[in-house]
Amino acid sequence: MKQRSRTGYSAVNTTVAVFSRIVAIFAGFVTRVVFTHMLNESYVGINGLFTDILNILSLTELGAGTAITYALYKPVADNNIPRQQALMQMFKWFYRLTAGCVAVFGILVIPFMDVIMKNRPDVEHLVLIYILYLVNSVASYLLVYKRTLIEAHQLNYIVLVYQTAFLLLQYICQILVLVIAKDFILFLVVHIICTIIGNICLSAKAGRLFPYLNKKAEEKLLEDEKRDIYRNIKAMLMHKSGAVIVNNTDNLIISSFVGVTSVGIYSNYFLVIGSVRQLLDQVFQGITASVGNLGATEDNSHVKKIFETAFFTGNWLYGFAAICLYELLEPFIETSFGSNYLFTSDITLVLCINFYINGTRKAALTFRDSLGLFFYDRYKAVAEALLNLVISIMLVKGYGVLGVFVGTLSSMVLVSVWVEPYILYKYHIMQTCSMFFAKYIIYALLTGTVWVLTDVVCQQVTGTQFFILAVRVLICIIIPNTLFTVFYHRTEEFGVIKEKARELIKRGQ
């Protein structure tokens, strides 16, 4: 296979990741619309409930993929095949154990169905439906370990192509099942079949790329190596568990203290904001393996340079997107769902600020995970989760929905924003991070300035909601990017990006 530079791999992985995410979002949305029209509300509720149950059970795996991929970067960079074989043998055992645990714990849930569902829906074969969800969850772990080696070789685009192809096949078949048969059980069977066939095909591809995967490992891992891997898996479990609490308690608090109606309004905002976040996150997902290779082969000063360039890129992308969301959410929601589904502007502002700050963390999180530093800030996730719950509950009583989102913002700023880069600079770059935080403040202030100027111009636009939306789109594309270019064109990070772009263009010619 033709070898590329880290920049080349990152560009290919990011491009494919963004495209595949767009396809997945659109196809999933269409399937969801057909699903809600062809089946009654009980099936919609069951789908959400059983998915949540199995997401909780999957905590047995959370973080393992990150720890596993990190362990592979060094032997992949050194072309140490015996060590790769030993690691993959261990990971095969781990994923099979995970599948077994999910199966056992999933079966143990069945006797408590009536406890979990206060008002049990009038749906036939409910236990069978749950078992089909469980089978699909367990099947998703089988053979998946081979995918990790593909990702460690910076070939994530291959994984994405396979995943997207089988996801499209699944959605098309499920839509046909819904339209022709309106059979929910057959709908789930299609999902299981596509999951299994997709894993088999991807596993076969990994075997063709790396024939040594099919041979028995002759070298064994040292006890110290095993201990480090287990330690990292435990650390990532804490990180992911904390993230689950932070990201999934807002709706619960809003429902308990404000009302279900507000949850419904938030769901529309979350749909739009979440889709934008998923697209932009693919930029950093695409460079993850390249960062791991960077840490295994380059010195700390080079890592620092690339990290600060990535942070600069994230600030620009998420800052631009946050401004667009703030200016476009209201007319978009009103046009799509009606004025009854609008939040007040202060709530929208806090949601967009949350989006921006979360986005500026992506570079630090990507480097932390790819460089294996997740053990050092494992308690950060717990602290953020507890603060989020306490502050949100305190504020919701006086400020309603706004208080919940301010609580989430506060916990993020008080903990994650400074801990994550601090860990990176202290344990890998080996320098103080004072200059980084100075840049962070400058970037935030400039983003705020651009945000205000863009808002002033957008507020001058009048007319129908559709006209306002169309004109604001143009304003949000032109003004923020023009001002960012003026502010940053002399910075070192901007120069690095231009140079990388020239390299890619030359290679493409």
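**Notes on the model**

1. Met-430 sits in the loop that joins H17 to helix H18 (434–458), helices here being DSSP runs of H or I with at least four residues, and strands runs of E with at least two, numbered from the N terminus. The phi of Met-430 is near 65 degrees, a positive value in a residue other than glycine. Most residues other than glycine have a negative phi. At 57% relative accessibility, Met-430 counts as exposed, where exposed means over 50% relative accessible area, buried under 20% and partly exposed in between, with a 1.4 Å probe and protein chains only.

2. On provenance, this is a predicted model, in which local features need pLDDT of at least 70 and side-chain atom pairs count only at pLDDT 80 or more, while totals for chains, interfaces and linings use all residues. Residues are numbered from 1 along each chain as its sequence is written, and side-chain values use heavy atoms, with hydrogens and water left out.

3. For the chain as a whole, the secondary structure comes to 20 helices and zero strands. Buried residues make up 48% of the 509 residues. Of the contacts with a separation of 6 or more, 82% are between residues 24 or more positions apart, a contact being heavy atoms within 4.5 Å.

4. Helix H7 (residues 145–152) is largely enclosed by the rest of the structure, because seven of its eight residues are buried. The buried residues are Tyr-145, Lys-146, Thr-148, Leu-149, Ile-150, Glu-151 and Ala-152, a list that includes Lys-146 and Glu-151. Just after H7, Gln-154 takes a positive phi of about 65 degrees.

5. Helix H8 (residues 156–180) has 25 residues and reaches 36 Å from its first C-alpha to its last, close to the 36 Å expected at 1.5 Å a residue; the expected span is 1.5 Å times one less than the number of residues. Among the buried residues of H8 are Asn-156, Tyr-157, Val-159, Leu-160, Phe-166 and Tyr-171. Ile-158, also in H8, counts as buried at 7% relative accessibility, and its C-alpha atom is separated by 8.5 Å from that of Asn-13, 145 residues apart along the chain.

6. Which residues does Gln-170 touch, not counting residues up to four places away in sequence? Gln-170, found in helix H8, is buried with a relative accessible area of 8%, and on that count it touches Val-190, His-191 and Cys-194.

7. Lys-182 lies in the loop between H8 and helix H9 (184–209), and its phi is near 50 degrees, a positive value in a residue other than glycine. Phe-184 is found in helix H9 and counts as buried at 3% relative accessibility.

8. Helix H14 (residues 345–360) and helix H17 (residues 401–429) pack at an angle of about 25 degrees, with their axes 9 Å apart; axes are lines fitted to C-alpha atoms, for helices over the stretch in contact, and angles run from 0 to 180 degrees between N-to-C directions. H14 and H17 are therefore roughly parallel to each other, the term for angles under 35 degrees, with over 145 counting as roughly antiparallel, 65 to 115 as roughly perpendicular and the rest as oblique. The contact includes Ile-347, Val-350 and Ile-357 of H14 and Leu-402, Phe-405 and Met-412 of H17. Its residues divide into 13 nonpolar, three polar and one charged, with Ala, Val, Leu, Ile, Met, Phe, Trp, Tyr, Cys and Pro taken as nonpolar, Asp, Glu, Lys and Arg as charged, and the others, Gly among them, as polar.

9. The axes of H18 and helix H19 (residues 465–488) come within 10 Å and cross at roughly 145 degrees. Among the residues that make this contact are Leu-446, Val-450 and Leu-453 of H18 and Arg-472, Ile-475 and Phe-484 of H19, and by class the contact has 14 nonpolar, two polar and one charged residues. In H19, Arg-472, Ile-475 and Phe-484 are among the buried residues. The 24 residues of H19 should span 34 Å at 1.5 Å a residue, which agrees with end C-alpha atoms that are 34 Å apart.
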